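Here is my note on the structure you asked me to look over.

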Amino acid sequence: KNVKDYDSTKGFVKYKIKFAKDFHKKKTKSRTAIIFDKNEPIITNYSTTRFLPGISIGAKVGYNSFSDLNNSESYFIGTTLSPYKSYRWYWQVELMNNFHNYDGNMTVVDEIVDFPAGNRFRQVTTTNTSFENIDWDIPMLLRYNVNNYIGLGAGLQNTISVSQKSNNAVLIEQFEGVQPGAPIFNTIEENNSATDSFTNLRTGLLFDATVGFARIGPSLGARYIMNFEDNFNYWQFYAIWKF
């Protein structure tokens, strides 16, 4: 349009491509064969189509199962960040807010107490500790969609206790004499608590699988976390919706 000297112009072809039903956001190349009259086709250079990745935000909620901890109850809610409508390989970062209550190991100290007057008696001190934690989990993983419905992943997870409250229940039993089976002459009960913030940093490996809508939408998942610390390996079961 509005060109006077046609010999100085370059030709362009504008066309549309209809995507297949199961189209994925991946780089594609295309070229065109232009035929003038009955001449041989003129083959254009390749044109490369690329897609902006976009960002997908997900909502995640679930339950953590610590088989090695006593009376453990752990629930979490959080969010995920990944490329929009990821195809095969992609990264994912998460932030989980955990509410975790559990009992620590019971300790028993059996000792003989000597009074300055020369009297001796047996004393047993039993301490039960329970914990009320609010933890932040920050998983960073590489994921792979096997197809539109099954996804796999693996990566690293860092966990820090933003608030940890420990409650100690202490029972002191004092016996008459030092012989086994002696009656109790005095009992003392004590309760105390302590609170720490931003402590107990833990790091571990994670392995993950999801079933549902792997790219966008709802799915269910299971994850195993191998912490580099005793008694903190656990299973995670969750539901996620990626937008």
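1. The model is predicted; local features need pLDDT of at least 70, side-chain atom pairs count only at pLDDT 80 or more, and totals for chains, interfaces and linings use all residues. Numbering runs from 1 along each chain as its sequence is written, and side-chain values use heavy atoms, with hydrogens and water left out.

2. Asn227 sits in strand β13 (residues 217–227); strands (E, at least two residues) are DSSP runs, numbered from the N terminus. Its relative accessibility is 9%, so Asn227 counts as buried (buried is under 20% relative accessible area, exposed over 50%, partly exposed in between, with a 1.4 Å probe and protein chains only). The side chain of Asn227 reaches the backbone oxygen of Phe232 at 2.7 Å. This is a polar contact, meaning a pair of N or O atoms within 3.5 Å; within protein, one must be able to donate a hydrogen and the other to accept it, and residues adjacent in sequence count only if both atoms are side-chain atoms. Beyond four places in sequence, Asn227 touches Arg202, Thr203, Gly204, Phe232, Asn233 and Tyr234, where contact means heavy atoms within 4.5 Å.

3. Phe232 and Tyr234 also belong to the largest nonpolar core, which has nine residues in all. A nonpolar core is a set of buried Ala, Val, Leu, Ile, Met, Phe, Trp, Tyr and Cys residues joined through side-chain atoms within 4.5 Å.

4. Among the residues in contact with Asn133, outside four places in sequence, are Asn98, His100, Tyr102, Ser161 and Lys165. The C-alpha atoms of Asn133 and Asp196 are 9.6 Å apart, at a separation of 63 residues along the chain.

5. How many salt bridges are there? The count is seven, a salt bridge being a side-chain nitrogen of Lys or Arg within 4 Å of a carboxyl oxygen of Asp or Glu. In one of them, the closest N and O atoms of Lys60 and Glu94 are 2.9 Å apart. Lys60 lies in strand β5 (residues 55–65) and Glu94 in strand β7 (residues 89–103), so this pair ties together parts 34 residues apart in sequence. Both Lys60 and Glu94 are buried.

6. Asp110 and Arg122 form another salt bridge, at 3.0 Å. Because Asp110 lies in strand β8 (residues 107–114) and Arg122 in strand β9, the pair links parts twelve residues apart in sequence. Asp110 is partly exposed at 46%.

7. Asp114 and Arg120 meet in a salt bridge at 2.8 Å, N to O. Asp114 is exposed at 51%, while Arg120, at 49%, is partly exposed.

8. A nonpolar surface patch with about 920 Å² of accessible area together includes Ile55, Trp91, Trp136 and Phe198. Patches are made of residues with over 30% relative accessible area and no salt bridge: like charges are joined within 9 Å, nonpolar side chains (Val, Leu, Ile, Met, Phe, Trp, Tyr) within 5 Å. Areas come from the Shrake-Rupley method with a 1.4 Å probe; for residues, only the protein chains shown count as cover. Strands β5, β7 and β9 each give two or more residues to the patch. Trp136, in strand β9, is partly exposed at 36%.

Key: Helices (H or I, at least four residues) and strands (E, at least two) are DSSP runs, numbered from the N terminus.
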